[in-house]
Amino acid sequence: IFAMHTSLADQLADNLRNLLNTNHGERLGLYDFGANLAPLTLDFTSREDFDSEAIIRIRTAVQKYMPFINLKTFESKIDRFNNQVVGKITVNITYDIPQLAATERQIAVTLYVT
């Protein structure tokens, strides 16, 4: 029923995805767990520094909770839907896990803007 990981690198990728998708206050007992990216989407239209703020939040969360992961590249892509009000931001991150010799791994996080 449940898919299981057989490799440590895949398990860490899943843990990283959970870290990136979690916002502050969502994890019981660890208020500051997560990258806290959802609040950035609330004032997306008035923010010109979305990329730099997202990078700061991601780096801070990874350094605190998964310091064995080396973040390498970050790029975001904005797709606006037909009504031009609702949009989708896809954040692509490339990272390495040196202790496992796992290099050039990628993860994508999707955020919706209303």
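This is a predicted model: local features need pLDDT of at least 70, side-chain atom pairs count only at pLDDT 80 or more; totals for chains, interfaces and linings use all residues.
Residues are numbered from 1 along each chain as its sequence is written, and side-chain values use heavy atoms, with hydrogens and water left out.

The protein contains 3 helices and 3 strands. Both kinds of element are DSSP runs, numbered from the N terminus: helices are H or I runs of at least four residues, and strands are E runs of at least two. Their order along the sequence is α-α-α-β-β-β. The C-alpha trace spans about 45 × 35 × 30 Å along its principal axes.

Of the 114 residues, 34% are buried. Buried denotes under 20% relative accessible area, exposed over 50%, and partly exposed the range in between, with a 1.4 Å probe and protein chains only. The exposed surface comes to about 7,400 Å², and carbon and sulfur atoms supply 51% of it. Areas were computed by the Shrake-Rupley method with a 1.4 Å probe; for residues, only the protein chains shown count as cover. Contacts are defined by heavy atoms within 4.5 Å. Among contacts with a separation of 6 or more, 42% join residues 24 or more positions apart.

The protein carries 11 positive and 13 negative charges, and their mean positions are 2 Å apart. Lys and Arg count as positive, Asp and Glu as negative; His and the chain ends are not counted. Each charge is placed at NZ of Lys, CZ of Arg, CG of Asp or CD of Glu.

The strands pair through S2. Pairing requires at least two DSSP bridges between two strands. Strand S1 (residues 70-80) runs antiparallel to S2, with 10 bridges between them. Within this pairing, Glu75 is bridged to Asn92 of S2. S2 also runs antiparallel to strand S3 (residues 102-113), again through 10 bridges. Here Thr94 has Gln106 of S3 as its bridge partner. S2 and S3 form a hairpin with 4 residues between them. In the turn, Ala101 has a positive phi of about 55 degrees. S2 (residues 87-97) is mostly covered, with 9 of its 11 residues buried.

Phe33 counts as buried because its relative accessibility is 11%. Tyr65, at 23%, counts as partly exposed.

Asn21 is found in H1 and is partly exposed, at 42% relative accessibility. Leaving aside neighbours within four places in sequence, Asn21 is in contact with Glu26 and Val109. The C-alpha atoms of Asn21 and Asn36 lie 7.6 Å apart, at a sequence separation of 15 residues. Asp14 is also found in H1. Its relative accessible area is 30%, so Asp14 is partly exposed. Asp14 and Ile107 are 93 residues apart in sequence, yet their C-alpha atoms are 9.3 Å apart in space.
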